[in-house]
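Here is a short note on the model you sent. My points are numbered, and each can be checked against the coordinates.

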Amino acid sequence: MLYNGWEREADIHLSRMGAVEQADGCDVIRPRQALVGGRMAAEVVGLQLRRAECWRSLCREGGRRRWHLPSLHSPYRCCSTGTTYENINRPVIDRIIRVDHAGEYGANRIYAGQMAVLGRTSVGPVIRKMWDQEKGHLKKFNELMVLYRVRPTILLPFWNIAGFMLGAGTALLGKEGAMACTVAVEESISHHYNNQIRTLVEEDPEKYRELLEVIKKFRDEEMEHHDIGLDHDAELAPAYSILKNAIQMGCKAAIFLSERI
Ligand SMILES: [Fe+2]
Ligand SMILES: [Fe+2]
């Protein structure tokens with residue numbers, strides 16, 4: 001194979017899952033099987049991108065320098081920004097991307113839970129529209145994890161269940177309950193994104209320009225979701241302030257843990 005290090009470890013894991021098969025001397029990933037475990041998604045995408053890169057390099061080089069391909073030994077480069085893998089503040093970027101990915105993943109599960117209960121009611125299309133945007137956010141952070149080589153939090157399976165239960169549980173209180181949950185979560189996420197924007201601006205706004213643009217755009221969309229929640233009677237939910245405070249305490253704990261593990 002033409003890759004090594006963490007990719008090799010990931011492949012061993014994928015092989016155990018039966019996700020990699022040999023075809024004409026090249027490894028081929030069967031995405032459907034590989035994607036069964038959410039935690040493996042970023043690694044699978046990373047491997048696919050890496051293999052495509054190796055294959056293009058081989059074609060260019062005609063295979064003559066099989067074990068000395070420059071692309072395999074050069075620092076990893078983020079294509080659109082020119083930011084290299086080495087010149088970023090690794091602990092800061094690791095933390096930011098890991099927790100944001102976890103947050104978007106959790107938000108998707110919350111909206112999935114809400115849709116399971118309220119999908120066929122009058123607020124179904126409203127929730128669907130917000131969920132569609134969350135899918136876009138998650139997709140972007142999946143890509144950023146590969147670009148910056150950040151591993152996902154090990155808590156994803158837990159956020160999978162907890163997010164769905166929170167969404168479905170609050171939706172069972174009625175559309176006001178679901179919207180109260182949306183207001184609480186989106187307010188926490190917006191606040192959290194604002195903190196990250198301050199951190200990146202203090203670090204180096206030019207170096208992290210693309211990441212800043214992404215976070216600012218998502219922060220604005222989360223604020224829109226927050227306002228949609230208020231417009232749809234979130235404050236009329238039973239025990240609104242208690243519910244909102246409890247959810248926001250949960251969000252704080254989730255952010256604290258996802259940044260670290
Ligand atoms: Fe989001
Ligand atoms: Fe949102």
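1. Helices here are DSSP runs of H or I, at least four residues long, numbered from the N terminus. The model is a predicted one. On that numbering, His-137 is found in helix 6. Glu-134 has its place in helix 6 too.

2. Start with the annotated site. The unreviewed UniProt entry lists Glu-104, Glu-134, His-137 and Glu-222 under "binding site". These residues are spread over 119 residues of sequence, yet they cluster in space. The largest C-alpha distance is 10.4 Å.

3. Is Glu-134 buried or exposed? Glu-134 is buried, because 23 other C-beta atoms lie within 10 Å and the cut-off is 20 or more. His-137 also counts as buried, with 22 C-beta neighbours inside 10 Å.

4. Now the contacts, setting aside neighbours within four places in sequence. Glu-134 is in contact with Glu-104, Ala-107, Asn-108 and Tyr-111. His-137 touches Glu-104 and Phe-218.

5. Next, the nonpolar core. The largest one has 47 residues. Leu-118, Ile-127, Ala-180, Cys-181 and Val-185 have the most contacts inside it. Helices 5, 6, 7, 8, 9 and 10 each supply at least two residues of this core. Helix 5 (90-118) gives the most, with eleven residues.

6. Beyond its neighbours within four places in sequence, Ala-180 is in contact with Thr-170, Ala-234, Ala-237, Tyr-240, Leu-243 and Lys-244.

Notes. Residues numbered from 1 in each chain as written. Chains lettered and ligands numbered in written order. Predicted model: local features only at pLDDT ≥ 70, side-chain atom pairs only at ≥ 80, totals over all residues. Core = buried A, V, L, I, M, F, W, Y, C linked by C-beta atoms within 7 Å. Buried ≥ 20, exposed ≤ 12 C-beta atoms within 10 Å, placed from the backbone. Contact = placed C-beta atoms within 7 Å. UniProt positions renumbered as here; feature names shortened; annotations may be inferred.
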